[in-house]
Structures are given as structure tokens and as C-alpha cells.
Amino acid sequence: MTTAAQPSPPFPRFAAIGMVVADMAASLAFYRRLGIVVPAEADTAPHAEAQLPGGLRLMWDSYATARAVDPGWTPPQDGSPTGLAFECDGPAGVDALYAELTAAGHPGEKPPWDAFWGQRYAVVRDPDGHGVDLFAPLPQ
């Protein structure tokens, strides 16, 4: 019995977020601190991926990989417009994770504050200058 092929969806499905990074090991170490599971052997790979809850993938490529795809590629001068957001375990979790990451040497862009939209919020930079937002709902 043959099974008919599933038709393609009428629109693309968002499946992955990709970042180009200068130092794969440093970038992966940063995201491991945020709970992303990436095998240790990925530290020396030109490409790495992590499966996230819900089926989305987070992907990293080295500068060499980016240049293999596009020989004229150059890194952005001031980091990248890519930004990721991580929900923390309550407002105190935002403060604690921001303190941990900045103590580990990652630049703090905006210290924790109570945002007008009802969340505790902070922004740090990963090793490649990508903004990483930390947030949690404020108590009602």
C-alpha cells in the first residue's frame, strides 16, 4: 500500500533562527547558561543546532561557514539586529540571571527594570553582540 505524499502547506512554516558567530565555543557557552542544550562537540564545529521546545531550532554558523556560502560576507560592524528573548522564573529570576551573565563578563545593555507593559525586563549582549532579552511577568 502506498501513501500519498502530504501536500506542502500554502505558506512557509517558521522553523529556525540562525546566527553567525565569531567564536562558536564562546557563543554556545553563553546559550548553555540560558538552558539551551548543545553537545560539547559542537564547540569546534562550523555549524551547530539546538532543538527548542515547540519544534523551533536555534542555529549557529561560524564566520568561515558564512563566507563559504557568500565569499563577500562580512560581519556587521556593531553586532547584529538579531535578538532573542528568554522568559525567566519570575522578576527575581530576571535580576539573578542578569547578574550572573554580567558577572561572567557579558555586557549588560539595560539593567533589569519594570517595563510599562507589565514585565520585569533586562537586556544583555552575547559574545557576538546579539541582544538577549530576559523577561518575566510582573505580579498583578
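Visitor: In S3, which residue is the bridge partner of alanine 16?

Guide: Happy to start there, with a word on the source: this is a predicted model, where local features need pLDDT of at least 70, side-chain atom pairs count only at pLDDT 80 or more, and totals for chains, interfaces and linings use all residues. Residues are numbered from 1 along each chain as its sequence is written, and side-chain values use heavy atoms, leaving out hydrogens and water. Strands (E, at least two residues) and helices (H or I, at least four) are DSSP runs numbered from the N terminus, and two strands pair if DSSP finds at least two bridges between them. S1 (residues 16-21) and S3 run parallel, joined by six bridges, and in S3 the partner of alanine 16 is arginine 57.

Visitor: Which residue of S3 is the bridge partner of histidine 47?

Guide: Strand S2 (residues 47-51) pairs with S3 in the antiparallel sense, over five bridges. The hairpin of S2 and S3 has five residues between the strands, and there glycine 54 takes a positive phi near 90°. For histidine 47, the bridge partner in S3 is aspartate 61.

Visitor: How many of the six residues in S3 are buried?

Guide: Buried means under 20% relative accessible area, exposed means over 50%, and partly exposed lies in between (1.4 Å probe, protein chains only). Strand S3 covers residues 57-62 and is mostly covered. The number of buried residues in S3 is five.

Visitor: Which residue forms a salt bridge with arginine 57?

Guide: A salt bridge here is a side-chain nitrogen of Lys or Arg within 4 Å of a carboxyl oxygen of Asp or Glu, and the count by this rule comes to six. The closest N and O atoms of the pair are 2.9 Å apart, and the partner of arginine 57 is glutamate 49.

Visitor: Is arginine 120 buried or exposed, and which residues share its salt-bridge network?

Guide: With a relative accessible area of 15%, arginine 120 is buried. Arginine 120 forms a salt bridge with aspartate 95, the closest N and O atoms being 2.9 Å apart; arginine 120 lies in strand S6 (residues 119-125) and aspartate 95 in helix H3 (residues 90-103), so this pair ties together parts that are 25 residues apart in sequence. The side chain of arginine 120 also meets that of aspartate 114 in a salt bridge (3.0 Å, N to O). Through shared partners, the salt bridges join into one network Arg120, Asp95 and Asp114.
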